[in-house]
Structure formats: structure tokens, C-alpha cells
Amino acid sequence: MSKSPNAVSWYAPHLDESLSYIRRTGVDLAAAIVDVGGGEATLVDDLLEAGYRDIAILDISERALEVCRERLAERSARVKWLVGDVLEQDFAPRSVDVWHDRAVFHFLTEHAQRQRYVARVLKALKPGGYAIVGAFGPQGPTQCSGLPVVRYSSDELHDEFGSCFLLLDHSTTLHTTPWGSTQQFVYCYCRREH
């Protein structure tokens, strides 16, 4: 039996840091936003509430997306649901204004995986578009859901993306799990330059 969404370590009732960065982009409410690994997360709820109209959620788990669809009820029809692995997903070229990822990138433990991920971002993101990526920070956990992860400082995380991305801002936050422990996250907020 799978755990309920609010009984897993990554759960937060609102992804305030992510939402704040998305708002800071200043993109129009019709801008194309993709939430990578969004599954059962609540960011989509807040994006819909804020009036964003072109939201896609990509997750490897069909069940996670179904839980989110059920939670959103009739609002789920306003979201594009994509089941698949981000490293295999065939995004339309230059189709995304805002790429958001909270906690997928740190699961990519091999350099080749991270290169493929960045190639997917470069294919999907419009020049001038924004990438917002959150991953475990230097004092974050060494495993998540029993899987190994890579931890990053903001400079290390930005360096994975390279010179095509201008680092506009970064932050370090502490996420409190539903059972009261904390996990350090680092966020990088970047703009694709070319």
C-alpha cells in the first residue's frame, strides 16, 4: 500500500519557494510552465489559484498523477498530464517558458544522466525562459526514499547547467518533513541566455 501524499518526506502543503520564483519571472499567466516530478505535489494547486493557464505536470508515476488529478477534481482538466521519465520525455522544441523541478535533479547520480537532463531543458525551454531547480543542499540527506542522491551548493548546481543559463538568484531553505525532521534544499533560479 502506498503512503498518502502528506506522509512522505517531500510533502509540503505549499511550495512557497517555488511559487515565489515563478512569480518573480514575471511571465504572463498564459506562459507555458512544466513541473518536472510534480506528481502529487501541491504546486499545481497554487499555480491554478494564481491564474496560470498553461501548466504541464510530468511524473514517472501514473499513480502520483492520478492522486493529484483526484485532488484537483474538475480543475484537473485545465492541466496537461505527462507520464514519463524526464530523461526520455520528448518535449517540443522551445515550447516552455518556465521549467520547474523540486527534487528530481538530485536523484541523477551519474554525470551522463545530468547531461541528458540539461539537454532536455535546453530543448524545451525558450531562449529567455526560466529554469527553477531545487535539490538537496550540502547538509541535505544522502538518500531519499531509499535511493542515493547528489547534494549541491548553489554554485555546484548552477555549474551542472552551464553557461547557457544565467544565475539570477539562489537560496537555501530547510524543508520540515511531516514527522518534524528537516531537509536542506538549495534552489537555483536561472534564465536561459541562448
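Helices here are DSSP runs of H or I of at least four residues, strands are runs of E of at least two, and both are numbered from the N terminus. With that convention, the protein chain reads α-β-α-β-α-β-β-α-β-β-β-α-β-β along its sequence. That pattern comprises 5 helices and 9 strands.

Let me state the basis of what follows. The model is predicted, so to speak of local features we require a pLDDT of at least 70, and side-chain atom pairs count only at pLDDT 80 or more, while totals for chains, interfaces and linings use all residues. Residues are numbered from 1 along each chain as its sequence is written, and side-chain values use heavy atoms, with hydrogens and water left out.

I begin with the overall dimensions. Along the principal axes, the C-alpha atoms occupy a box of roughly 45 × 35 × 30 Å. The radius of gyration, taken over C-alpha atoms, is compared with a globule rule of 2.2 Å times the number of residues to the power 0.38. For 194 residues, a compact globule would come out near 16 Å, and the protein chain, at 15 Å, agrees with this.

Next, burial and contacts. A residue is called buried under 20% relative accessible area, exposed over 50%, and partly exposed in between, using a 1.4 Å probe and protein chains only. By that criterion, 51% of the 194 residues are buried. Contact means heavy atoms within 4.5 Å. Among contacts with a separation of 6 or more, 69% are between residues 24 or more positions apart.

Now to the helices, starting with α1, residues 16-25. Which of its residues are buried? They are S18, L19, Y21, I22 and T25. These residues lie on the same side of α1, because they cover an arc of only 160° around the axis, the arc being that of the directions from the helix axis to the C-beta atoms. The face turned away from the buried side carries the exposed residues D16 and R23. Just after α1 comes G26, with a positive phi of about 75°.

Helix α2, residues 43-50, is largely enclosed by the rest of the structure, since 6 of its 8 residues are buried. Those residues are L43, V44, D45, D46, L47 and L48. What do they pack against? Their partners are α1, β1 (32-36), β2 (54-59), α3, β3 and β4. Just after α2, G51 has a positive phi of about 100°.

The loop between β1 and α2 contains T42. At 9% relative accessibility, T42 counts as buried. Its C-alpha atom is 9.5 Å from that of R71, a residue 29 positions away along the chain.

I close with two backbone features. Most residues other than glycine have a negative phi. Against that background, A73 has a positive phi near 55°. A73 sits in the loop between α3 (62-72) and β3 (79-83), and is partly exposed, with a relative accessible area of 39%. The second case is R94, whose phi is also positive, near 50°. R94 belongs to the loop between β3 and β4 (96-102).
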